[in-house]
Amino acid sequence: MTDARRVPLPVWLTVAIAAGVAIPAQGRVNGALGLRVGDGLEAAVTSFATGLVLLLAVALLLPSGRDGLREIVPAVRDRRVPWWYLGAGLSGALFVVAQTFTVGILGIAVFTIAAVTGQTISGLLVDRAGFAQGRRRPLTGLRLLATVLTLASVAYAVAPKLAVSDPAALLAVIVLPAAAGFGQSFQSAMNGASARAYRSPLAATLMNFISGIVGLALAWGIKLAAGGPGRPLPADFPGDWWYYTGGALGVVFIGAAAVLVRHLGVLLTGLGMIAGQLLGSLALDAAAPVAGSTIALPTVIGTLATLGAMVVATLPWDRRQFRR
């Protein structure tokens, strides 16, 4: 722990940015898998399942992982973490569902901006309340102004989509990634608290994937019971390996967030990961566009403006926060 505290702030922020790039990459993978198998929920379950298998293998191989797994039950029993923190992965499950259902419609850049909007608002609330044993930060006029600027940037960024699509239908689609983004700050805060209690971010991340896949499996089961699969099962899964990297990418950004919030706090962790999301999503839509992608000038300007608003909203203007 002592060595971790000596790591310079720019290094932690660089890690956060790199982890944030994994989010739009996962969105592209899960969206493609959902289109390929014809069922977004089935693709989401597949993504979580691959991540769960990977995490379980790593946790069992590493002594720190095994020790963390043994701490879960005592931590909950002794109330070092509330029992409902075990369900933090449901927020991640909603995010994956939003990816698989909407990335193909919105494009990864617009999806990311919508999710970032929700994350910005929830980040302000999480820090204002000191949620999950976090440090309370005031809801200043400057941060409120940054939130308004973010919303305006989002509206400008999606303007090309509104011009070529049914605005009402598009806005309805945007609600899902915005809601998924709203849950991200709460999830990161709970994961940070759980990682401290278990003394292992691996254990906290594993519990995320367990609760997430349980929630997704229940939703998929209800869907099948209500309307049937709509096609013969099992699905015709693609043979290309990259369709199954979504789970590993999820491990990267969920696990990284659980570690980063301990050293940066929720706001700075959000800033770094949001920067990675915005830059990564634009790069993906530019280098490997799919149907629904839009790289018009307003999208680029709106993305940059959103990033600037994130800086205003999340930078710790009190210099003492850099030395804590």
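Me: Is Glu71 buried, exposed or partly exposed, and at what relative accessibility?
Reply: Buried means under 20% relative accessible area, exposed over 50%, and partly exposed in between, with a 1.4 Å probe and protein chains only. This is a predicted model, where local features need pLDDT of at least 70, side-chain atom pairs count only at pLDDT 80 or more, and totals for chains, interfaces and linings use all residues. Residues are numbered from 1 along each chain as its sequence is written, and side-chain values use heavy atoms, with hydrogens and water left out. Glu71 counts as partly exposed, because its relative accessibility is 22%.

Me: Which residue forms a salt bridge with Glu71, the closest N and O atoms being 3.2 Å apart?
Reply: A salt bridge is a side-chain nitrogen of Lys or Arg within 4 Å of a carboxyl oxygen of Asp or Glu. With the closest N and O atoms 3.2 Å apart, the residue paired with Glu71 is Arg80.

Me: How far apart are the closest N and O atoms of Asp78 and Arg77?
Reply: Asp78 is partly exposed because its relative accessible area is 46%, while Arg77 counts as exposed at 57%. Asp78 also meets Arg80 in a salt bridge, at 3.9 Å from N to O. For the salt bridge between Asp78 and Arg77, the distance is 3.7 Å.

Me: Which residues are linked in a network of salt bridges?
Reply: The structure holds five salt bridges. The residues linked in a network are Glu71, Arg77, Asp78, Arg80 and Arg199.
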